[in-house]
Amino acid sequence: MKGQIVDVSVCNKLLDQEINQAKKDKDALFGNLKCSAANDVAIDMTDNLGKGTMSQFRNFIAAMKAGKWQQAKKEGQNSAWCRQVGGRCSRNMNQIVNCCK
């Protein structure tokens, strides 16, 4: 497909595959989180970072699993990833603390 024009249906299929893999990887790392907003953030971060790199966020993962949303936010913000992605990090971390009570 390199350099080829593809149909929207092909793009949608590839996107679905990517999302499904990110969900599987998130489940392997985080399990079933207590808050849907935290779950969505975990999927987004796992997709963005990849399972291997996401697995290195041990303190963030532990806080998310424990439902310690403020601690998860602090751990997420204290990362090179957060400094690199800027607004994406801020949105994700705020989503965790504002939607998970």
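Lys-26 is buried, with a relative accessible area of 2%, where buried means under 20% relative accessible area, exposed over 50% and partly exposed in between (1.4 Å probe, protein chains only). This is a predicted model, in which local features need pLDDT of at least 70 and side-chain atom pairs count only at pLDDT 80 or more, while totals for chains, interfaces and linings use all residues. Residues are numbered from 1 along each chain as its sequence is written, and side-chain values use heavy atoms, with hydrogens and water left out.

**Salt bridges**

- There are two salt bridges, a salt bridge being a side-chain nitrogen of Lys or Arg within 4 Å of a carboxyl oxygen of Asp or Glu.
- Lys-26 pairs with Asp-27 in one of them, with 2.9 Å between the closest N and O atoms, and Asp-27 is partly exposed at 46% relative accessibility.
- Arg-88 and Asp-44 form a salt bridge through their side chains, at 2.6 Å from N to O.
- This pair links distant parts of the chain, since Arg-88 lies in helix α7 and Asp-44 in helix α2, 44 residues apart.
- Both partners are partly exposed, Arg-88 with a relative accessible area of 25% and Asp-44 with one of 23%.

**Helix α7**

- Helix α7 covers residues 87-99, and its 13 residues reach 18 Å from the first C-alpha to the last, close to the 18 Å expected at 1.5 Å a residue; the expected span is 1.5 Å times one less than the number of residues.
- Helices here are DSSP runs (H or I, at least four residues), numbered from the N terminus.
- The buried residues of α7 are Cys-89, Asn-92, Met-93, Ile-96 and Val-97.
- These residues are on the same side of α7 because they cover an arc of only 125° around the axis, the arc being that of the directions from the helix axis to the C-beta atoms.
- On the face of α7 turned away from the buried side are the exposed residues Arg-91, Asn-98 and Cys-99.
- The cover over the buried residues of α7 includes α2 (36-49), α4 (58-66), α5 (69-77) and α6 (80-85), with contact meaning heavy atoms within 4.5 Å.

**Cysteines**

- The structure has one disulfide, defined as a pair of cysteine sulfur atoms within 2.5 Å.
- Cys-82 and Cys-89 are the two partners, with an S to S distance of 2.1 Å, and their link is left-handed, with -90° about the S-S bond.
- Cys-82 is buried with a relative accessible area of 11%, and Cys-89 is buried with 0%.
- Cys-11 is partly exposed, with a relative accessible area of 38%.

Terms used. Helix = DSSP H or I, 4+ residues; strand = E, 2+ residues; numbered from the N terminus.
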